[in-house]
Amino acid sequence: MQSTSSNCIFCKIIEGLIPADIIVQNEHAIVIKDIFPKAPIHYLIIPKLHVADVAHLNANQYEIGTQLFCLAQQVGSSLPNKQDFRLIINNGANAGQSVFHLHMHFLSGMPHTGLTDVEL
Ligand code: AMP
Ligand code: ZN
């Protein structure tokens, strides 16, 4: 498993090769604003290791999931008024994934009523 992929837009953001609106980052993952927000607050929580999707996580990489949850909790706790938030991971093109570097959508600031009310 390579740590970065040369034709991956999220790897380029992580390496600082293309700009992004960075909310917070640590050694494991970075949180950026989604370029086409689907909610008033729409962030992407992206592991720094290049892994295509959940299905391609090796058994020794499950810790990445914990790291993404950790940042989701941190970002969520910094929202005004203890706003609720929604986390979504698309796995595979038929599930709506368009960037094949694992990432978690963090959505907040609007009421969500069901599983299908946002198209990512
Ligand atoms: P997905 O469809 O689940 O793979 O989500 C990919 C997300 O990445 C989409 O919501 C895009 O709007 C977002 N995106 C693509 N390119 C960029 C970029 N350069 N900076 C920030 N967000 C991006
Ligand atoms: Zn990548």
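**Sheet, cores and zinc site**

Leu 44 stands opposite His 105 in β5, with strands here being DSSP E runs of at least two residues and helices H or I runs of at least four, both numbered from the N terminus. This is a predicted model, so local features need pLDDT of at least 70 and side-chain atom pairs count only at pLDDT 80 or more, while totals for chains, interfaces and linings use all residues. Residues are numbered from 1 along each chain as its sequence is written, chains are lettered from A and ligands numbered from 1 in written order, and side-chain values use heavy atoms, with hydrogens and water left out.

Now for the sheet. β3 and β5 pair in the antiparallel sense over 5 bridges; two strands pair if DSSP finds at least two bridges between them. On β4, Leu 87 sits opposite Phe 106 of β5, and β4 and β5 share 4 bridges, again antiparallel. Put together, 5 strands make an open, antiparallel sheet in the order β1-β2-β3-β5-β4. β1 (22-25) and β4 (85-88) are the edge strands, each pairing on one side only. From one strand to the next the twist averages 20 degrees, where axes are lines fitted to C-alpha atoms (for helices over the stretch in contact) and angles run from 0 to 180 degrees between N-to-C directions.

β5 is largely enclosed by the rest of the structure, because 5 of its 5 residues are buried (under 20% relative accessible area with a 1.4 Å probe, protein chains only; exposed is over 50%, partly exposed in between). In a regular strand the side chains alternate between the two faces of the sheet. Here Met 104, Phe 106 and Ser 108 point one way from β5, and His 105 and Leu 107 the other way.

Helix α2 lies across β1, β2, β3, β4 and β5, running at about 150 degrees to β3. The largest nonpolar core has 16 residues, and those with the most contacts inside it are Val 31, Tyr 43, Ile 45, Ile 64, Leu 68 and Phe 106. Such a core is a set of buried Ala, Val, Leu, Ile, Met, Phe, Trp, Tyr and Cys residues joined through side-chain atoms within 4.5 Å. At least two residues each come from β2, β3, α2 and β5, with α2 giving the largest share, 5 residues. Phe 106 touches residues including Tyr 43, Ala 72, Val 75 and Leu 87, leaving aside those up to four places away in sequence; contact means heavy atoms within 4.5 Å. A second, separate core of 9 residues includes Ile 13, Ile 30, Ile 46 and Val 99.

The protein donors of the zinc ion (ligand 2) are Cys 8 (SG), Cys 11 (SG), His 50 (ND1) and His 101 (ND1), lying 2.0 to 2.3 Å from it. Donors are N, O and S atoms within 2.8 Å of the metal (3.2 Å for Na, K and Ca); water is not among the atoms, so sites may look incomplete. The 4 donor atoms subtend angles of 104 to 117 degrees, which makes the arrangement tetrahedral (for four donors, all angles between 85 and 135 degrees). Spacing along the sequence is C-x2-C-x38-H-x50-H. Cys 11 lies in helix α1 (residues 9-14) and His 50 in the loop between β3 (41-47) and α2 (63-77), so the pair ties together parts 39 residues apart in sequence. Both Cys 11 and His 50 are buried.

Definitions and conventions
Four donors count as tetrahedral if all angles lie between 85 and 135 degrees; four count as square planar and six as octahedral if opposite donors are over 155 degrees apart and all others between 65 and 115; anything else is irregular.
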